[in-house]
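Let's take a walk through a structure together. Have a look at it first, and then we'll go through a few spots.

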Amino acid sequence: KPETPTRRPAPCIASPHTEGKKKMNFRRSSPSRIYPLVAFAAFTAMVAVVTLRGSHGTLKTAIRSTGARSTVGVRGLSLGGINRIRPRCGDAAVKIARNALLTAYAETPAHDLLIRAARGEKTERTPVWLFRQAGRHLPEYMDYKKTTGKNFLQLLDDPKDVAEVTMQPLRRYDVDAAILFSDILVVPEALDINVEMPGGKGIMVTNPLQGPEDVAKLDTSNPAQLVKDRLPHVLAALPEIKNSLKKENRDIPLIGFSAAPFTLMFYMVGGNTRYNETMAEEWFEKYPEASELLLSKLTDVIVEYMSLQVEQGADLLQVFEAMGSYISQKNFDKFEMKYLETLATRLRERHPDIPLMVFARGAQYANEGLQRAGYDVVTLDTEANRVEQVSMLENDSKNAPIGRRVTLQGNFDPKLLQEGTEESVKAAVGEMLQELGPQRLIANLGEGLSGKEDPKLVKAFVDAIHATSEEMNKKLESEAIASSA
């Protein structure tokens, strides 16, 4: 944040000497009075150096070289000096540089197996984590709820509770990432949609949107401030989790997430998986313009919500299209796909080094489009044909903005973790890895843990992924060496 010289035109404002000439006045100036293009060049060089070297010391030195007054502190960059680099006059280049700095300065976890796999890099074994890995399938979670006297929604209000529950599966399983313990419907709650979870009735919205007039009333004019004002407890939980990871010497990535626009819309208009299953589809037919407006508003909020998660410590981002089975392919292509693409594009602009993962559960026909939308990782659900998906995405990889076939995620059936033996789990893991391959793969489930799973079988799954994939990689390397000899 270069100082603005006293009685001198502020950066990006033409001086009297250049007014009308479309030319900046570049007089000699001290580093602390550097002008926009010079500053941008310095910032660009700094980003390149930091990205390549990943050095905090290098970043501090580079910042001093621009004359910027900054307090480079802990991982929570939203509190540090870099976050105070503010673009003037809507300078898009400086905005990009600032956000690149935020991403570049972030420490890459020492155990970066999952990040490398998400980027399509070669890995020594396949990384693994689990949808809903924290929560009700764990005895310690149920005990914690009983001890605190809190229900699920009440736990989400306290960052320390969130951190504790997030850490619980890491103490039991050798997973390669933590994921923020939260709920997909915190965004509607920020928009004054009342969400309840009465036992046995699923998720209920007590004040659903009734029509276009309700959509028009949703105030998303300043989505970033909305998230900060209404969801501070969620944002505060991320650095709390990071601190817990550090204290317990678990230097693994932290995944931030949000539901996709349609999934939020499904609940906001009164949809429920046990009744009113067609409510969102009816909206598309009855209120197409209001549906577009709602999806657009939700997209704006989701972008800010996920971006703020990155600034607070998230190393990867996961988008959940959890209600993909409740939208027709026609309406998915017509209404939803462009907003999923907008999400990827806008998040990529802000945080180019943060891998983006997406899961269109029940809408696997969308995976090719999601690859073209610019996501790094596309998830297969339990119904997906593994071989066909790999072939389809490989053949379409030339259309992927990331320049390669996406990394796949999934798609182990969690029902196999409810009954069976460790041997049967290992056999199913071997079959999955043979069909998907051990590279460019993040092992996961084809749907979230339901709470009925046996923790011993879950552990067997995680351990089998690591052991089997490592053996496969060694065998593939040996075969490659033999064939080149």
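Predicted model: local features only at pLDDT ≥ 70, side-chain atom pairs only at ≥ 80, totals over all residues.

Residues are numbered from 1 along each chain as its sequence is written, and side-chain values use heavy atoms, leaving out hydrogens and water.

Start with helix H13 (residues 279-286) and helix H14 (residues 288-311), whose axes come within 5 Å and cross at roughly 120 degrees. Helices here are DSSP runs (H or I, at least four residues), numbered from the N terminus. Axes are lines fitted to C-alpha atoms over the stretch in contact, with angles from 0 to 180 degrees between N-to-C directions. H13 and H14 are therefore oblique to each other (under 35 degrees is roughly parallel, over 145 roughly antiparallel, 65 to 115 roughly perpendicular, and the rest oblique). On the H13 side, Trp283, Phe284, Glu285 and Lys286 make the contact, and H14 brings Pro288, Ala290, Ser291 and Leu295 (contact means heavy atoms within 4.5 Å).

H14 also packs with helix H12 (residues 261-268), at about 120 degrees and with the axes 9 Å apart. That makes H12 oblique to H14 too.

Now, where does serine 469 sit? It lies in helix H19 (residues 455-484). Its relative accessibility is 0%, so serine 469 counts as buried (under 20% relative accessible area, with a 1.4 Å probe and protein chains only). A polar atom of its side chain lies 2.9 Å from the backbone nitrogen of threonine 126.

Technical notes. Helix = DSSP H or I, 4+ residues; strand = E, 2+ residues; numbered from the N terminus. Buried < 20%, exposed > 50% of the residue type's maximum accessible area, 1.4 Å probe, protein only. Polar contact = N/O pair within 3.5 Å; in protein donor to acceptor, adjacent residues only side chain to side chain.
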